[in-house]
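These are my notebook entries on a single protein chain. I set down what I looked up, entry by entry.

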Amino acid sequence: MYFQAAVKHGLTQGDTFILAMFSNLSDQGLYGLASNYGGLIARMVFQPIEESSRNVFGKLLSTGDGTSKPSPDSVKTALDYLYDVLCLYGLLSVLACSLGPTIFPRVFGLLIGSRWSSTNIDAVLSTYCYYIPVLAYNGISEAFVSSVASNSVLQNQSMIMTVFTIIFAGAAFIFLRVLQWGAEGLVWANIVNMIFRSLWSFGFIRGYCRGMGSKFDFERMMPTIGTLTTGVAAAATLRALPTSSQGQIRDLLKSGIVAIVTVFLV
């Protein structure tokens, strides 16, 4: 699965190639650093869920002979499980996008010290917080696809992935060479790539459900208005907090209080 490959190493071969073409060594170092730390979080939280989900989907929806269909009860159980995972990801995504861009750089700065203080690593780390949820959604959706898709569908998927690679390269060119966003631009290019991959996978899931006489309800996977409002309020609160002149620990403590309150409210 691409999700596993993407987080297994700090830089994938595609990332390395694009970085070499459009960025300098400083940007390469910043992106590699952010990718390593962000990938660590992804491996710890999302990869185990993806692996167990693939097993669940395979047991419930695989028919063995490739011609018969799984029972309606099995399809319903698999979809209920998928909705549960997606709802969990919705909550985690709100937390990651509202709290992560402020807290993650502060934790990193406390761990790594002042060695990277003169770089824009904070901006790269903040942007990577938006990338992790997209990776998660892509991982679970592709886990479903790989569990139920026929060989012909998987072959078509491989060709479609080539198109997405071209889109990734184009986005990287715009963000890195035209807009000159550096390592932050490469993260955004990866986000664009993963969004397209996820859209294709969820489109397949919707078609699969239709073929099974069911319906994939996108609304069931979306966070509630209250959760989104809480996330926006938390992000605004963190941005409004004044930076302490007595060091990062006090800033981190204040951010931690906001994070705890937000977790309870969502």
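**Entry 1. Confidence**

I began with pLDDT, which is the predictor's confidence in each residue, from 0 to 100. I note that this is a predicted model. I found that pLDDT stays under 50 over residues 1–11. I then took the values by element: helix H1, residues 2–8, has the lowest mean pLDDT, 38. The highest mean, 94, belongs to helix H8, residues 225–240. For the protein chain as a whole I recorded a mean pLDDT of 84, with 88% of the residues at 70 or more.

**Entry 2. Overall make-up**

I counted the secondary structure next and found nine helices and zero strands. Read along the sequence, the pattern is α-α-α-α-α-α-α-α-α. The chain has 266 residues, and 44% of them are buried. I noted an accessible surface of about 13500 Å², with 63% of it belonging to carbon and sulfur atoms. Of the contacts between residues at least 6 apart in sequence, 78% join residues at least 24 apart.

**Entry 3. Two helices, two spans**

I asked what lies at Gly100 in H4. I found a kink of about 65° there, shortly before the proline Pro101. I also looked up the span of helix H4, residues 72–112. A straight helix of its 41 residues would span 60 Å at 1.5 Å a residue, but H4 spans only 52 Å between its end C-alpha atoms.

I treated H7 in the same manner. Its 30 residues should span 44 Å at 1.5 Å a residue, and the end C-alpha atoms are 44 Å apart, which agrees. Just after H7, I noted that Gly213 takes a positive phi of about 75°.

**Entry 4. Aromatic rings**

I examined Phe144 and Tyr208: their ring centres are 5.6 Å apart and their planes stand at 80°, so the pair is edge-to-face. This pair links distant parts of the chain, with Phe144 in helix H5 (residues 121–148) and Tyr208 in helix H7 (residues 182–211), 64 residues apart. Are these two residues buried or exposed? Phe144 is buried, at a relative accessible area of 0%. Tyr208 also counts as buried, at 12% relative accessibility.

I next took the pair of Phe175 and Trp181, which is stacked, with 5.2 Å from centre to centre and 5° between the planes. Phe175 counts as buried at 16% relative accessibility, because the cut-off for buried is under 20%. Trp181, at 36%, is partly exposed.

I looked up Gln180, which is found in the loop between helix H6 (151–178) and H7. Gln180 has a positive phi of about 55° although it is not a glycine. At 63% relative accessibility, Gln180 counts as exposed.

**Entry 5. Thr127 and its neighbours**

I turned to Thr127 in helix H5. Thr127 is buried, with a relative accessible area of 3%. Which residues does Thr127 touch, not counting those up to four places away in sequence? I listed Glu184, Val187, Trp188 and Ile191. As a general point, an α-helix has 3.6 residues a turn, so residues three or four places apart point the same way. I also recorded the C-alpha distance from Thr127 to Ile191: 9.6 Å in space, for 64 residues in sequence.

Leu176 lies in helix H6 and counts as buried at 5% relative accessibility. I found the C-alpha atoms of Leu176 and Phe22 separated by 6.0 Å, although the two residues are 154 residues apart along the chain.

Phe17 is found in helix H2, residues 13–22. I noted that Phe17 is exposed, with a relative accessible area of 53%. The C-alpha atoms of Phe17 and Ala169 are 9.6 Å apart in space, and the residues are 152 apart in sequence.

Terms used
Residues numbered from 1 in each chain as written. Predicted model: local features only at pLDDT ≥ 70, side-chain atom pairs only at ≥ 80, totals over all residues. Heavy atoms only, no water. Helix = DSSP H or I, 4+ residues; strand = E, 2+ residues; numbered from the N terminus. Contact = heavy atoms within 4.5 Å. Buried < 20%, exposed > 50% of the residue type's maximum accessible area, 1.4 Å probe, protein only. Areas by Shrake-Rupley, 256 points an atom, 1.4 Å probe, with all protein chains shown as cover. Expected span 1.5 Å × (residues − 1). Bend = angle between axes of the 7 residues up to and from the residue. Phe/Tyr/Trp six-rings, centres within 6.5 Å; stacked < 30°, edge-to-face > 60°.
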